[in-house]
Amino acid sequence: MMSPIQKHTLIALFTLTPLLFSGCQVVSVKNQSLNVTIANERDSILTRKKMSEASLNVLSMTGRQAEKCTETPDECVHDLKIIPQIQDEQLLATASEIYLTNALSLDSSSSCNISVVNKYQSKEKQDSHQKAYEQCLDQELAMLDKSIRYSYAYLFKTKRHPTERLFDNRQVQIRDFYNQALAKMITIYTARYKGEQVPKQIKIGKSIYAINYNNYPQLADKKLDRLESSYNLNFSGLRSINRRDGFGSEFVATLPADKTTKDSKYIVDPLNYKYENGINPNIHQPRYLSVTMTAQPQNASSVDDILNSPNFQLNIYDPYSIEKLNIGGNQYPLAANFSAPYGLWLAENNLGAAAYLSLIDRDKSITMPHLYMLEPYNPNKKIIVLVHGLASSPEAWIRLTNDIMGDTALRENYQVWQVFYSTNMPILESRFQIDAIVQQAFATLDQNSPSAKDAVLIGHSMGGIIARLMVSDADLTQPALKLMKPQQLYRFKNEPLFKARLMIKPISNFDRAIFLSSPHRGTDYADRWFTLAARKIIKVPGAFLGALADSITDNDVNIKSFMKDLGHGLIQNGPSDLSHNSKFTELTENVMPAKGIVYHSILGNLSKNNDPSQINDGVVPYKSAHLDGAASEIIIKGGHSIQETPEAVLELRRILRLHLKELGIKIN
C-alpha cells in the first residue's frame, strides 16, 4: 500500500507528463513481414505510385509534401539545393526521381493521350486537343531529359566512385531511373514526331541529343518501321527472357517488311536460277533487331556540365557486338535484351499456322524454302542451322534458340539460322532445295572468316533425315532408277535435274551434325489408319509438280499421264516418305554422314524399359533413330518432340560447347 508521499509523487508525474513529452514522438516497435522490409528499401516510383523511401526522407528536410513537390519539380529541386546538409548523392538521386515521377504523371494524364482527339469533333476542337497533346508531350520530354541528366550525374560524377556503391540499393534504383527515363524519352519523342524520318539529332527544349551510329553502322541509313522499348513487351510462350543487366535502355528496332510480292513460282534449279540482284530473296536478313541506347553528355567534366550543358550524345549499340562501355576510363556492362526481337518475330509471323497450311498446300508463300538469320551477321561467330520436322516450323526450336541467347558462351560464339520449308514435299526434293538455299546463304559470307567453316547442322524428325543427307556423300542415281516404274524410268533416266537430286554431296561448311528423334529408317507410325487418312489429304504441291513437268526436256512426254504417275512410288508427299515401307526409306536408310563429319543422336523414350527393341518416343523406334558411329547418343525420357525438353536442350548446349572446345575456342 502506497504512502501519502508516494501518492502525491505519482499524481505529480502524471500531471507533468504532457509538459515533459510535448513535441516528442513516441516510438513503438512491432514485427513486420520480410517482404514489407525489402519493399520499403527497394520500391520506387517505377514499382508503386509513390517515390522511394530514400527520396521521401530527403524531401522531408524541405517540409514539402511529395505530391506538391512533384507538381512543381523545378521549385522542389531548387529547395533541395539550398539545404547544405543534403549531400551530392542525395540531391542528384532524389532530383532524378522527382522529375521521373512528374513525367510518369504526365504520361498517364488525358492531355498526353492522343485518343482525346476525336475525329467527329469540330476542326477547331481537334486542333485544340492536338495542340494540348503536343504541349503535354513536350513537357514530359523535358522532365525525362532532366531525370536522365541527374541520374547520369549520380551514377558517374559523385564524390564516391560507382564501385564504392556496388551493394547500394540506391545505385540500382538510379540506374533503373536512367534506363527507364531514356526508354520513355525515345518512345515519347517517336510518338511526338510520328511519321518523320529518323533524325540525325533530337531536340528537347534547349537540349540537343546528337545520334551516334558508330557502334551499329547497319542502322545508320535505315528507316525503321518502328522502335519499341523492350521493357513494355510481354511474351507468352517464351520460358524465360534472356537479358544482360547493365547501363543503357533496351529496344527492338523493326526494319520495314520486304516489299517484294510473294511469288508461288517453284524454281526447279535454284543454284543456277538468275535471281534479281543475284541473291535468293528467300534468304532473310534479320528484320527484328536488338538495340541498346545510352545518352551521355559530350562534356562531363563537372556535375554542372552534365546538368546544364545542352549537348548530349545518343549512342546506338548492337548488344551482340558490344558488351561493355568505357565511361570515364572505367568499364561497365551494356544492358541488352536478346529474347525480345526473337519473340516479336515469332509472334508477328505466326509460322506455326503457316506450317500447317503449307502441309495441305494452302500457303503459297512457302512453296520454296526460306532461311532466316536471327541476328546481324558476325564474321567471327560460328553458324548453327536448324531444320524442323513434319508439319512444324522454326517455332519447334523456341526453347533451344532462347537458351542459346541466354548462354553467354554460346551467344558470343554462335549465330543461328532457321530453315522454314513446306513438309508436304518429297523428302528428296526438300533435301535438294534446303541444301541449295543453305549453300547460297554460306556463299554470301566472307569465305575466309570463321563463320564460313565449322558450322553445326541440327535437325528434328523429318528435319533430321534431311540434315543427315545434307552432310552425306552418295550417288543414288542407279538405286533410284531400279525402284522406278518403266514409264517413270523412261522419262527420268536422262534428266539432269532429276539426277542432280540424287547426287548427294556434303555441304563443306558443316563439320558437325545433331539428329533428334529422326526416323532414318522410317516408321510404321506413318502407316497407321489415321496417318494413312491424313496422307491421302496431303498432296505433293501443285507448283512443284507443274514446274517439274515443265522442266522435262522430252517433248514427247504426255504431261497429263506424267502428272498421274507422280505420287506413286519414289515421288510422293513427305509424310508418305516417312513410312518404313516407302521407296524413299529403302533408297536412303543406309546413307551415312561423310567421313570427317562428327554427328550425335538425341532420342526420346516413352517406354518403361531400356531394351533397344522396346525404346520408342511414340512415333520413332530406337532401331530407326539409332546411327552407328555417333560421337554420342543419349536417350531421354520423353515423346517425339524431345527437342523441347530441358534435358535435350542441356545436351545440345553440352555438344555446342564441346564443339567450341575441340576447335580450340576458349569459353568460360
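**Close-up views of a predicted model**

**View 1. Leu603 is paired with Ile635, its bridge partner in strand S20.** This view belongs to a predicted model, and it shows strand S19 beside strand S20 (residues 632-637), the two pairing in the parallel sense over 6 bridges.

**View 2. Strand S18 (residues 510-516) runs parallel to S19 and is joined to it by 5 bridges.** Here Leu516 has Ile602 of S19 as its bridge partner. Of the 8 residues of S19 (residues 598-605), 7 are buried, so this strand is largely enclosed by the rest of the structure.

**View 3. Helix H5 (residues 73-81) has Pro73, Cys76, Val77 and Leu80 as buried residues.** These residues lie on the same side of H5, because they cover an arc of only 95° around the axis. In an α-helix there are 3.6 residues a turn, so residues that are three or four places apart point the same way.

**View 4. The stretch of residues 555-560 is set against the confidence of the protein as a whole.** The average pLDDT of the protein is 87, and 85% of the residues score at least 70. Over residues 555-560, however, the pLDDT is below 50, and this stretch has 4 contacts in the model beyond near neighbours in sequence.

Key:
Residues numbered from 1 in each chain as written. Predicted model: local features only at pLDDT ≥ 70, side-chain atom pairs only at ≥ 80, totals over all residues. Heavy atoms only, no water. Buried < 20%, exposed > 50% of the residue type's maximum accessible area, 1.4 Å probe, protein only. Helix = DSSP H or I, 4+ residues; strand = E, 2+ residues; numbered from the N terminus. Arc of directions from axis to C-beta. pLDDT = per-residue confidence, 0-100. Contact = heavy atoms within 4.5 Å. Pairing = 2+ DSSP bridges.
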